[in-house]
Amino acid sequence: MSFIKHHWFGLIISLFMLAYLLVFVLVLFAPRYDEQKRGFIPCTEIMAEELIFCDSSAWCMLKTIAKNTWCDTNVVAKGFGQWIKGEQKTPWANYLFEPQLPQQNIASDVEPEESLQEFYEQTPDIEASMQNLRKLNQELEEQIKNQEEKEKSEHEQQQ
């Protein structure tokens with residue numbers, strides 16, 4: 001009991017820091033992309049929009065991040081409440097889930113430019129081409145170095 005009397009403030013601060021760290025880890029491992037925008041995704045989007053208008057003000061950024069942490073904490077509390085009520089199987093089901101990604105692949109919709117397509121057709125082995133370019137670059141550097149040394153020695157001989 002004497003320990004608690006002497007260290008009550010440190011214990012309270014430690015509990016807050018532990019809770020903050022727990023929320024941080026949960027957000028870190030939660031899905032970042034989901035078609036339905038479940039979990040921490042809405043909080044993150046709101047934070048990103050608010051940070052745009054902060055104009056590099058440290059106080060504004062700190063307030064926005066604190067609001068985001070509070071929002072994330074509410075998502076965790078809501079999940080725990082839904083679990084207690086029996087609305088979901090686990091307390092973390094509303095923020096640790098299998099994300100639903102869009103079915104259509106965005107990269108396949110974009111067709112490469114014709115010149116780029118020609119390059120890939122003409123150069124099927126890009127790694128070998130890069131090695132060849134590196135070799136040519138080294139040879140060119142050696143030629144330039146030799147030429148500079150030759151010019152320098154000729155200049156010294158003239159003097």
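**Figure 1. Contact of helix 1 with helix 3.** Tyr 20, Val 23, Leu 26 and Val 27 of helix 1 meet Thr 69, Asp 72, Thr 73 and Val 76 of helix 3. Contact means heavy atoms within 4.5 Å. By class, the residues here are 5 nonpolar, 2 polar and 1 charged. Nonpolar covers Ala, Val, Leu, Ile, Met, Phe, Trp, Tyr, Cys and Pro; charged covers Asp, Glu, Lys and Arg; the others, Gly among them, are polar. The two axes come within 10 Å and cross at roughly 80°. Axes are lines fitted to C-alpha atoms, for helices over the stretch in contact, with angles from 0 to 180 degrees between N-to-C directions. Helix 1 and helix 3 are therefore roughly perpendicular (65 to 115 degrees; under 35 is roughly parallel, over 145 roughly antiparallel, the rest oblique).

The model is predicted: local features need pLDDT of at least 70, side-chain atom pairs count only at pLDDT 80 or more, and totals for chains, interfaces and linings use all residues. Numbering starts from 1 along each chain as its sequence is written, and side-chain values use heavy atoms, leaving out hydrogens and water.

**Figure 2. Contact of helix 2 with helix 3.** Helix 2 (residues 41-52) packs on helix 3 (residues 58-85) at about 170°, with axes 9 Å apart. The pair is therefore roughly antiparallel. The contact residues are 7 nonpolar, 3 polar and 3 charged.

**Figure 3. The bend in helix 1.** Helix 1 (residues 2-29) has 28 residues. Helices are DSSP runs (H or I, at least four residues), numbered from the N terminus. Helix 1 bends by about 70° at Trp 8, the angle between axes fitted to the seven residues ending there and the seven starting there.

**Figure 4. Helix order.** The protein has 6 helices and 0 strands (strands: E, at least two residues). Along the sequence the pattern is α-α-α-α-α-α.

Key:
The expected span of a helix is 1.5 Å times one less than its number of residues.
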